[in-house]
Amino acid sequence: METASGDPDVRTLALGAASGTVPLARDFTRQALFDWGWLPAATADRRAAAEDVLLVVSELVTNACLHADGPESLRVLRSAGVLRLEVADRGAGQPAPRTPHRSGRPGGHGMFIVQRLCRSWGVDRVPGAPGKTVWAELGAPA
């Protein structure tokens with residue numbers, strides 16, 4: 001399922017109609033973290049950073065499944081000090097943290113979690129094309 005871009009710092013996973021999309025995306029991202037030396041983690045801080053990445057992937061892919069007719073692809077990009085996650089979907093909606101955030105209520109926590117864990121996040125659209133790419137950036141572990 002991984003596409004070869006020729007760039008060792010970019011991994012792409014086509015999702016489309018795959019079943020078990022969230023675990024598939026987590027496993028794919030976990031393998032990239034192993035390949036890039038984030039895992040196995042030597043310290044608790046490094047382990048927490050890797051777990052944050054996997055949680056954000058889960059939230060972004062789950063959001064695409066629930067609110068955007070499913071994810072098309074996941075891209076994981078590594079650059080100096082930053083890991084960028086991109087989930088492309090077919091949906092027209094605009095993801096946003098639910099406000100006010102009520103931690104005791106079930107559901108509605110995905111984008112709040114993304115906002116809290118990430119340096120930045122946003123939505124990219126191509127004018128005239130359906131869907132969007134929701135992206136999030138996390139800092140590399142120290």
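Which residues of helix 1 are buried? The structure is a predicted model, in which local features need pLDDT of at least 70 and side-chain atom pairs count only at pLDDT 80 or more, while totals for chains, interfaces and linings use all residues. Residues are numbered from 1 along each chain as its sequence is written, and side-chain values use heavy atoms, with hydrogens and water left out.

Helices (H or I, at least four residues) and strands (E, at least two) are DSSP runs, numbered from the N terminus. Helix 1 covers residues 21-35, and its 15 residues reach 21 Å from the first C-alpha to the last, close to the 21 Å expected at 1.5 Å a residue (1.5 Å times one less than the number of residues). The buried residues of this helix are Thr-21, Ala-25, Phe-28, Thr-29, Ala-32 and Leu-33; buried means under 20% relative accessible area, exposed over 50%, and partly exposed in between (1.4 Å probe, protein chains only). These residues lie on the same side of helix 1 because they cover an arc of only 140° around the axis, taken from the directions from the helix axis to the C-beta atoms. Just after helix 1 comes Gly-37, with a positive phi of about 85°.

Turning to the strands, two of them pair if DSSP finds at least two bridges between them. Strand 2 (residues 10-14) runs antiparallel to strand 3 (residues 71-79), joined by 5 bridges, and Thr-12 stands opposite Arg-75 of strand 3. Strand 3 also pairs with strand 4 (residues 82-89) in the antiparallel sense, over 8 bridges, where Arg-78 has Leu-83 of strand 4 as its bridge partner. Strands 3 and 4 form a hairpin with 2 residues between them, and Gly-81 in the turn has a positive phi of about 80°.
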